[in-house]
Amino acid sequence: MSLAKRNAVVTGSTSGIGLAVVRALAKEGANVVLNGFGDAAEIEKERAAIETEFGVTAIYDSADMTRPEEIEAMIHNAEAKLGSVDILVNNAGIQFVSPIEDFPIEKWNQIIAIDLSSAFHTIRAATPGMKKRRWGRIVNTASAHSLVASPFKAAYVAAKHGIAGLNKVVALELATFGVTANCISPGYVWTPLVEKQIPDTMKARNLTREQVIDDVLLQAQPTKEFVTVDQIAALVLFLCSDAAAQITGSNISIDGGWTAG
Ligand code: NAD
């Protein structure tokens, strides 16, 4: 498969899943927009490495996914600099773990903004161009938590269920325009997002670090293995291929069997 001449925006791609996805798209020849937070020098190193390794254009946009005007500007800047946005991967996300009665209101608002509303803003900005060119791929990184719940993750589970619903609407609206919209729903992937929630889960459930990993995280996953970021990137690439042209409105699990149970 070649994605040469395709242009891709991947939100939250300075780390973890997004970084693997952006590199995989560039490896197939797509020009890419990196987005997310982190150390400026590290991000620039990654951006430059993508250009030299894969011979594509890689742009970094620092848009904050809690700010609708920055999100809209990121899509329009990408269109201006690259010519189009053909592939949109809504991947930025954060997590917060707390019993609901203590769940900070600002954390609820931040998670709904980043994990759900940002996808509404990227999609509404990117779809006019995709419809006009009659080709597009929208991939939303949802989660096993778009299908099932876990305690202490009120905002995350609500946001991920929400993005699965948004995805269906978008798929139906764009079905006759050559644009597909799909969710991918990973189980636990070993990334900074998972690592960061271990201390709070230890506190919320009164467990040791090892107990959180074995009895909470991998407990949910029948394979007892973490999903890898490269496995997720491969699924995104498949959804961007012509072979996946009739897959739209789906929510594809990549969770070691978690949601089968
Ligand atoms: P990560 O923490 O490694 O990466 C998150 C990315 O989002 C980073 O690039 C970060 O800078 C960016 N980000 C955070 N807040 C932002 C903001 N306000 N504006 C712009 N960018 C912002 O996490 P990850 O595990 O790679 O998660 C990526 C996606 O995958 C998330 O949507 C997450 O919910 C989802 N997911 C992760 C797992 C897992 O086990 N790691 C499982 C299922 C779903």
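My entries follow, starting with the helix pair and ending with the cavities.

**Entry 1: the helix pair.** I am working from a predicted model. I looked up helix α4, residues 105-133, against helix α5, residues 154-174. Their axes come within 8 Å. The crossing angle is roughly 15 degrees. Angles under 35 degrees count as roughly parallel, and α4 and α5 are therefore roughly parallel to each other. I also checked the hand: α4 passes α5 in a right-handed crossing.

**Entry 2: who touches whom.** I listed the contact residues next. From α4 I noted Trp 108, Ile 111, Ile 112, Asp 115, Leu 116, Ala 119, Phe 120, Ile 123, Thr 127 and Lys 131. From α5 I noted Ala 154, Ala 155, Tyr 156, Ala 158, Ala 159, Lys 160, Gly 162, Ile 163, Leu 166, Val 170 and Leu 174. I then sorted the contact by class: 16 residues are nonpolar, 2 are polar and 3 are charged.

**Entry 3: cavities.** How many cavities of 30 Å³ or more does the structure hold? I found 2. I took the largest one before the other.

**Entry 4: the largest cavity.** Its volume is about 40 Å³. I wrote down the lining: Thr 11, Asn 90, Asn 91, Ala 92, Ile 114, Asp 115, Ser 118, Ala 119, Thr 141, Lys 160 and Ile 163. Which helix gives the most to this lining? The helix is α4, with 4 residues. Both α4 and α5 supply at least two residues each. By class, the lining has 4 nonpolar, 5 polar and 2 charged residues.

**Entry 5: the second largest cavity.** I put down a volume of about 30 Å³. Val 33, Ile 59, Asp 61, Met 74, Asn 77, Ala 78 and Lys 81 form the lining. The most comes from α3, with 4 residues. The class count is 4 nonpolar, 1 polar and 2 charged.

**Entry 6: recap.** I have a roughly parallel pair, α4 and α5, and both helices contribute to the lining of the largest cavity.

Technical notes
Residues numbered from 1 in each chain as written. Predicted model: local features only at pLDDT ≥ 70, side-chain atom pairs only at ≥ 80, totals over all residues. Heavy atoms only, no water. Axes fitted to C-alpha atoms, helices over the stretch in contact; angles between N-to-C directions. Parallel < 35°, antiparallel > 145°, perpendicular 65-115°, else oblique. Left-handed = near helix turned anticlockwise from the far one by under 90°. Contact = heavy atoms within 4.5 Å. Nonpolar A, V, L, I, M, F, W, Y, C, P; charged D, E, K, R; others polar. 1 Å grid on protein atoms, 1.4 Å probe; cavity = no way out; pocket = protein on both sides within 12 Å on 5 of 7 lines; lining within 4 Å. Points joined across faces, edges and corners; volume = space filled by probe spheres on them.
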